[in-house]
Amino acid sequence: MNYLRTCEIILRRTLYRDHSLIKEKTNDSLIFSLRTTVIFYKIFNIPSITEFLFIEFNGVMLRFDNVGDHYVTFYRRDDKCANDEKDKFCATCAWNYNGYSNYLKWCLDKNVCEGRKQLYLRNNAEDIISVSSLLDRQNEEVYVTNDCPEVNVTAVHPLFGPHTGGTVVTITVRNHWILVEYQMVLVMVAGMVCTNPMTSGLETITCTTSPWLNITGGPPALGPILVKYSSDKGGLTIESSQKFQYDVRPVCGSPRPALDAKQRLRALESGDITVPVRGAHFVKPCVTSSARFFVVLPNGTMQFASSDCDKPVNDTYIVCRSPRVDSHVWRDADSSVEGLLLNFGLNVMNFIGNQSLLVLGPPHGFHVLFDPVLVDFNIINSTGSVEFNGRYLNHVQADVILIRIPKLSAKSCKSVLDCLVVAACFKDVVFSQQRMICKPNVTIASAATASRNILVTIGDRLSYTVPNRSSPPGHSDLTGPVKSFILFDWWRTIISLSMSLLIVFALVCCLKTKNQYDLTETFRYPPLDFSRS
């Protein structure tokens with residue numbers, strides 16, 4: 001205390017330019033004497049005045065641990081207001097922010113000392129504030145960041161919801177029943193307006209989230225709940241410490257993936273053919289997980305590809321595989337000579353939430369083509385090209401046609417060692433419905449001419465064993481069961497002819513014998529008769 005007696009300790013106030021010296025010092029207290037001019041209450045017709053006070057210690061401001069202690073309210077002396085009634089039906093908040101000491105006090109109309117009150121003050125110990133300025137500040141917009149026990153958001157449920165909106169959020173605000181009197185209430189959830197706010201209890205507000213709008217171009221971010229109370233006397237905004245998250249998980253179908261309405265696709269009936277698909281919203285929000293191509297058969301059955309599409313190249317382009325379509329299912333339907341026009345689409349699976357979405361393409365936008373059929377081949381000696389005969393050869397979609405000629409001693413040509421020649425046609429392939437001509441990259445004319453069959457692979461899916469139209473030199477066309485059948489037929493013909501000849505020979509001999517007998521009788525009996533006469 002001896003040290004304090006030698007220090008200059010002053011109580012300063014912002015409503016007056018004067019200061020007060022210590023009136024009394026005790027072991028743990030400093031006592032000051034203050035006066036407030038009564039004329040303030042009469043001129044402005046106010047029951048009380050609240051001002052900012054602070055202690056200056058040897059020219060240095062001392063801040064109180066409790067910010068609210070800097071603000072002292074003086075009541076009119078003639079106003080008989082009990083101490084326990086002064087803060088009844090009131091909510092008080094004090095906090096430090098940006099070098100200022102802030103003070104908020106809102107009271108209900110039923111407060112017997114002051115009635116309805118919306119007071120907000122702030123001071124940095126440098127401003128001298130007039131009473132008229134003090135009253136004007138009561139209409140300021142106040143922003144509270146949930147630092148005050150008596151004015152804050154204590155709970156929010158739930159803290160997440162779909163970005164399509166529609167989530168009912170329950171918000172608990174301490175002393176909401178005091179703050180809401182004569183006020184309009186607006187609630188913002190993570191930057192979006194929460195519609196139809198309703199008071200459902202003394203400290204409870206419910207509202208419904210609106211759809212999230214992508215203003216920044218990025219995904220929805222965590223955001224606080226803002227509860228705004230406003231009237232012609234000012235406003236108060238409370239920012240919650242709780243954060244709400246619009247669901248960042250992809251919600252399949254929002255925005256809905258779409259297929260280009262002008263595209264026309266085609267693939268062979270055997271399936272597993274690469275099909276480029278164009279559209280929109282392939283990357284967001286669904287197709288990044290998985291998508292599978294399908295066609296709708298005439299009987300309404302959906303036929304799916306055997307594997308998923310590739311990962312989208314971008315938001316408008318994805319590569320898929322065509323499904324296998326058995327000819328007997330739809331060949332009897334209203335199909336053209338070339339194939340059948342079917343509806344197609346993508347089945348999109350979102351692995352989060354296990355959602356499924358069917359995205360349809362344009363009607364009859366997928367042309368299923370009959371698989372090409374190779375009947376035989378022959379070599380065009382003048383050019384060395386290979387001519388294939390068959391059906392639906394104009395349906396060949398591969399860029400590469402691989403030709404393998406097996407060795408005479410080999411039963412197949414799966415291994416290169418078993419192949420006499422391996423060649424390929426890369427370009428200058430001529431197609432028609434019943435004929436295909438290609439020129440191999442190596443000469444195969446002599447080997448193909450001498451071979452009964454060649455092995456042909458079109459793309460990576462279609463394989464054929466194609467017979468030679470002309471019999472190779474030195475090779476019989478009759479082999480196996482066919483040859484045995486024809487030999488048997490020849491033997492049967494020979495035996496039949498032999499039997500016929502034997503029968504004819506027997507008949508001739510019989511007739512010859514009979515003629516001799518008749519001739520003898522003719523020359524014999526007349527002489528006998530003649531002699532008797």
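# Reading strands, bridges and surface

Author: Start with one residue. Arginine 292 lies in strand β22. Keep in mind that this is a predicted model.

Reader: Is arginine 292 buried, exposed or partly exposed, and what puts it in that class?

Author: The general idea is a cut-off. Buried means under 20% relative accessible area, exposed means over 50%, and partly exposed lies in between. Arginine 292 has a relative accessible area of 27%, so this residue is partly exposed.

Reader: Which residues does arginine 292 touch?

Author: Leave out residues up to four places away in sequence. Then arginine 292 touches Phe304, Ala305, Ser306, Ser307, Asp308, Cys309, Gly345, Leu346 and Asn347. Now look along the chain. Serine 322 is 30 residues from arginine 292, and their C-alpha atoms are separated by 9.1 Å.

Reader: Asp308 is on that list. What does aspartate 308 form with arginine 292?

Author: A salt bridge. The closest N and O atoms of aspartate 308 and arginine 292 are 2.8 Å apart. Aspartate 308 lies in the loop between β23 (302–304) and β24 (317–321), while arginine 292 is in strand β22 (residues 290–296), so the pair ties together parts 16 residues apart in sequence. Aspartate 308 has a relative accessible area of 35%, so this residue is partly exposed.

Reader: How many salt bridges does the structure hold?

Author: The structure holds 8. Take another one. Glutamate 387 forms a salt bridge with arginine 435, and the closest N and O atoms are 2.8 Å apart. Glutamate 387 lies in strand β29 and arginine 435 in strand β33 (residues 435–438), so this pair ties together parts 48 residues apart in sequence.

Reader: Are glutamate 387 and arginine 435 buried or partly exposed?

Author: Check each one. Glutamate 387 has 10% relative accessibility, so glutamate 387 counts as buried. Arginine 435 has 39%, so arginine 435 counts as partly exposed.

Reader: What about glutamate 114 and lysine 117: are they buried or exposed?

Author: Both glutamate 114 and lysine 117 are buried. Their side chains meet in a salt bridge, at 2.8 Å from N to O.

Reader: How many bridges pair β28 with β29?

Author: The number is 7, and β28 and β29 (residues 385–391) pair in the antiparallel sense. You can find one facing pair yourself. Aspartate 376 stands opposite asparagine 389 in β29.

Reader: Where do side chains point along a strand?

Author: In a regular strand, they alternate between the two faces of the sheet.

Reader: How many residues lie between the strands in the hairpin of β14 and β15?

Author: This hairpin has 2 residues between the strands, and alanine 190 takes a positive phi near 50° there. Strand β14 (residues 184–189) and strand β15 (residues 192–201) pair antiparallel over 3 bridges. Valine 189 stands opposite methionine 192 in β15.

Reader: What joins β15 to β16?

Author: Another hairpin, through 2 residues. Strand β16 covers residues 204–209 and runs antiparallel to β15, with 5 bridges between them. Glycine 201 has threonine 204 in β16 as its bridge partner.

Reader: Which residues form the nonpolar patch on the surface?

Author: Met302, Phe304 and Leu358 form the patch, with about 220 Å² of accessible area together. Phenylalanine 304 lies in strand β23. Its relative accessible area is 32%, so phenylalanine 304 is partly exposed.

Reader: Now zoom out. How many helices and strands does the protein chain have?

Author: The protein chain has 7 helices and 35 strands. Of its 533 residues, 40% are buried. The accessible surface comes to about 30,700 Å², and 56% of that belongs to carbon and sulfur atoms.

Reader: What share of the contacts with a separation of 6 or more comes from residues 24 or more positions apart?

Author: The share is 59% in the protein chain.

How values were computed
Residues numbered from 1 in each chain as written. Predicted model: local features only at pLDDT ≥ 70, side-chain atom pairs only at ≥ 80, totals over all residues. Heavy atoms only, no water. Pairing = 2+ DSSP bridges. Helix = DSSP H or I, 4+ residues; strand = E, 2+ residues; numbered from the N terminus. Salt bridge = Lys/Arg side-chain N within 4 Å of Asp/Glu carboxyl O. Buried < 20%, exposed > 50% of the residue type's maximum accessible area, 1.4 Å probe, protein only. Patch = residues over 30% accessible without salt bridge, like charges linked within 9 Å, V, L, I, M, F, W, Y side chains within 5 Å. Areas by Shrake-Rupley, 256 points an atom, 1.4 Å probe, with all protein chains shown as cover. Contact = heavy atoms within 4.5 Å.
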